[in-house]
Amino acid sequence: MYLFRALAVSLMALAPMSGMAQGFQVGFGQLQQDTGLPVEVTAESLSVNQSDGSAVFEGKVDVSQGEMRMTADKVNVHYNQETKAIARLVAEGNVLLVQGPDAAEANEATYSIDDGTVVMTGNVTVVQDTTTITADKMHLNLTANTAQMTGNVKTVLKSK
């Protein structure tokens, strides 16, 4: 009976830790991003599709907006048909997002300009000073300067 109680207490003590591994809240970048700033894109090639309002940049794609910078192998730019402004950017392959001292890598990222969010998926790695966080997915709110990490979250804290 004592062994059963000890096991039950141990499992209850570990239960909150397993839940924490599924979701983790962090900040990203030093300041809030102004999503109204112009977006500049450079790449090796550009293809434009007038019928669906999209453009595809490929080869060493570099996207910048204010202090934020994103690089990737390929970026699809989707425009709002009514306003003709950029609605969202979908980056694929070797995605790197840098804002201030923070950097995040992933397989893919979708930046929705209107609501100021970036969703990064696939082997997400965030490096902040002496902390490294990995996860399956990161939901980043640029205007609030917050990030939510979910799925197989692992944090490594290093001393300086």
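These exercises work through strands, salt bridges and a nonpolar core in a predicted model.

Residues are numbered from 1 along each chain as its sequence is written, and side-chain values use heavy atoms, with hydrogens and water left out. Because the model is predicted, local features need pLDDT of at least 70 and side-chain atom pairs count only at pLDDT 80 or more, while totals for chains, interfaces and linings use all residues.

**Exercise 1. Strand β4 and its partners**

Task: Find which strands pair with β4, and decide whether β4 is enclosed or open.

Solution. 

Step 1. Strands (E, at least two residues) and helices (H or I, at least four) are DSSP runs, numbered from the N terminus. Two strands pair if DSSP finds at least two bridges between them.

Step 2. Start with β2. β2 and β4 pair in the antiparallel sense over 3 bridges. In this pairing T42 stands opposite D62 in β4.

Step 3. Go on to β3. The β3 and β4 pairing is antiparallel, with 5 bridges. V48 stands opposite A55 in β4. The two strands form a hairpin with 4 residues between them. G53 in that turn has a positive phi of about 65°.

Step 4. Take β5. β4 and β5 are antiparallel over 10 bridges. Here F57 stands opposite V75 in β5. This hairpin has 2 residues between its strands, and G66 in the turn has a positive phi of about 60°.

Step 5. Check burial. Buried means under 20% relative accessible area, exposed over 50%, and partly exposed in between (1.4 Å probe, protein chains only). In β4, 9 of the 12 residues are buried, so the strand is largely enclosed by the rest of the structure.

**Exercise 2. Salt bridges**

Task: How many salt bridges are there, and which residues form them?

Solution. 

Step 1. Apply the rule. A salt bridge is a side-chain nitrogen of Lys or Arg within 4 Å of a carboxyl oxygen of Asp or Glu. The count comes to 2 salt bridges.

Step 2. Look at E44 and K60. Their side chains meet at 3.9 Å, N to O. The pair links distant parts of the chain, 16 residues apart. E44 sits in the loop between β2 (40-42) and β3 (45-49), and K60 in strand β4 (residues 54-65). Both E44 and K60 are exposed.

Step 3. Look at R69 and D62. This bridge spans 2.5 Å, N to O. R69 is partly exposed because its relative accessibility is 44%. D62 is buried, at 18%.

**Exercise 3. The largest nonpolar core**

Solution. 

Step 1. Define it. A nonpolar core is a set of buried Ala, Val, Leu, Ile, Met, Phe, Trp, Tyr and Cys residues joined through side-chain atoms within 4.5 Å.

Step 2. Size it. The largest core has 30 residues, and those with the most contacts inside it are V75, Y111, V118, M120, M138 and M149.

Step 3. Trace the strands. β4, β5, β6 (86-99), β7 (102-112), β8, β9 (131-141) and β10 (146-150) each supply at least two residues of this core. β5 gives the largest share, 5 residues.

Step 4. Zoom in on V118. Beyond four places in sequence, V118 touches L97, A109, T110, Y111, M138, H139, L140 and L142.

Definitions and conventions:
Contact = heavy atoms within 4.5 Å.
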